[in-house]
Amino acid sequence: MKNYILNKPIIGKIEKTYVNDVLNKGWLSSGGSHTKIFEDKFAKFLKIKFALAVQSGTSALHVALKAIGISSGDKVIVPNYSCVSNISSVTQCNAIPIIVEVERETLGLDYELVKKAIKIHSPKALQLVHIYGFPARDTEKIISLCRKKKILILEDGSESLGASISKKMIGTFGDISIFSIRSEKMIGVGEGGMILTNNKNFFLKVKLLASRNAPFRSKKDSYWKKYFTLGEGYNYLMPHLLGAVGRAQIEKFEREILPKKIAIGKNYRMIMKNNFFSFLQKEIGENKSVYWLNCIYFKKIQFNKLVSIGEELMKNGVEVRSGFWPLNKMKNFKSIYLKNKKNISNDIFNKSLVLPSNSNLKKSDLRNIYRILIKILKKKVF
Ligand SMILES: *Cc1c(COP(=O)(O)O)cnc(C)c1O
């Protein structure tokens, strides 16, 4: 039986060459030369001035919020349909997450609800997330509203490296932005993250906090100052071995990885046309998706039926994943959920499945996955 894996990075010769180079030179910790090149190439790809490689998307979110000044009691808007790190990064700063519902077309924050949340809660910042490779539909409207109200934007492009809105790259809309680069994202190094900004003060602050809040670490500083710190800090910088993998990944991203991901997304939509389900998200206007994951949605289905379909697919070698657990369902976070009539995140969680989306899938694999899926659907549902 063939196994269709959900996602994994393409590792080739150049990853091995750079990793070997690190091992030969023997410098394993942060601040390695490959990591520096990785940061520079990432920044250049997005046309952003500053980039810092860190150990995860989660640590990137945390330290980015700290750097823009989020602290105890501040309110931060987060989308209801997203990674749990978006909410935990806020509580890590002792701030209060304001959870706002998403729209159905791209699963980005709903502009009208953001407007309402701003009116009621006067947040200091907003986390703008692009889900499964699709640029959030209301990005430009939300950005201009936030600029007007002086609300800072932390953009989370973790799932959408390479996607764009009217030719402007995802990751360039926020005052500061982050990417996760763990193995199953658009590029992957194992566990990793990247923080980007054009604001020099934010960059220096992020770098300081991620380096234990120790300000005298450069070659210019005398040795005896090295262990002085300004207060609470974190050890979040990316180690050199991972920086070497990251450098290789970003160098081949546009040429090798991105076209494959996009082809898979488009081919899925061509091959899987039926009355049982549809693809959850749409490309809107000039916005370009990178199809990080391909998520299908059943208009009418019981949750227990969906689960049994998912389990049957797993048994047949088709690795699926559920939608995100709506963040407002996580009762152990101290947060505020903006009331609304739609409750879209919950509906999506209850009725959708994410299909294998790894870059090595061929058209014949997609057809095969479809055959397996339809067979199960006929047996289980219809
Ligand atoms: C994966 C992901 C994160 C967390 O990144 P890690 O590297 O797993 O810590 C944050 N935000 C979004 C949108 C993600 O998809």
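This passage describes the surroundings of the ligand and then several individual residues in a predicted model.

The ligand sits in the second largest pocket. Around the ligand there are 15 residues, of which Thr58, Asp156, Glu159, Ser180 and Lys185 come nearest. When this shell is sorted by class, eight residues are polar, four are charged and three are nonpolar. Two helices, helix 3 (57-67) and helix 4 (84-92), each supply at least two residues of the shell. The most is given by helix 3, which contributes three residues.

For Asp156, a polar side-chain atom lies 2.6 Å from a nitrogen atom of the ligand. In the case of Ser180, a polar side-chain atom is placed 2.7 Å from an oxygen atom of the ligand.

Gly57 itself belongs to helix 3, the helix that gives the most to the shell around the ligand. Gly57 counts as buried because its relative accessible area is 8%, and the limit for a buried residue is under 20%. Gly57 and Ser29 are 28 residues apart in sequence, and their C-alpha atoms are 19 Å apart in space.

A separate part of the chain is represented by Leu366, which lies in helix 11 (residues 363-380). With a relative accessible area of 1%, Leu366 is therefore also assigned to the buried class. Leu366 and Tyr4 are 362 residues apart along the chain, yet a distance of 9.2 Å separates their C-alpha atoms.

Attention then turns to residues in loops. Gln281 is placed in the loop between strand 10 (278-279) and strand 11 (294-297). A polar atom of the Gln281 side chain lies 2.9 Å from the backbone oxygen of Ile131. Tyr132 is found in the loop between strand 4 (125-129) and helix 6 (139-149). Tyr132 is classed as buried because its relative accessibility is 0%. The backbone of Tyr132 has a phi value near 55°, which is positive in a residue other than glycine.

A positive phi is also present at Arg212, where the angle is about 65° although the residue is not a glycine. Arg212 occupies the loop between helix 7 (200-210) and helix 8 (240-271). The relative accessibility of Arg212 is 41%, so this residue counts as partly exposed; the partly exposed class covers values between the limit for buried residues, under 20%, and the limit for exposed residues, over 50%. Tyr132 and Arg212 are thus both loop residues with positive phi, but Tyr132 is buried, whereas Arg212 is partly exposed.

Notes:
Residues numbered from 1 in each chain as written. Predicted model: local features only at pLDDT ≥ 70, side-chain atom pairs only at ≥ 80, totals over all residues. Heavy atoms only, no water. Near = heavy atom within 4 Å. Polar contact = N/O pair within 3.5 Å; in protein donor to acceptor, adjacent residues only side chain to side chain. 1 Å grid on protein atoms, 1.4 Å probe; cavity = no way out; pocket = protein on both sides within 12 Å on 5 of 7 lines; lining within 4 Å. Sits in = over half its atoms within 2 Å of the grid points. Helix = DSSP H or I, 4+ residues; strand = E, 2+ residues; numbered from the N terminus. Nonpolar A, V, L, I, M, F, W, Y, C, P; charged D, E, K, R; others polar. Buried < 20%, exposed > 50% of the residue type's maximum accessible area, 1.4 Å probe, protein only.
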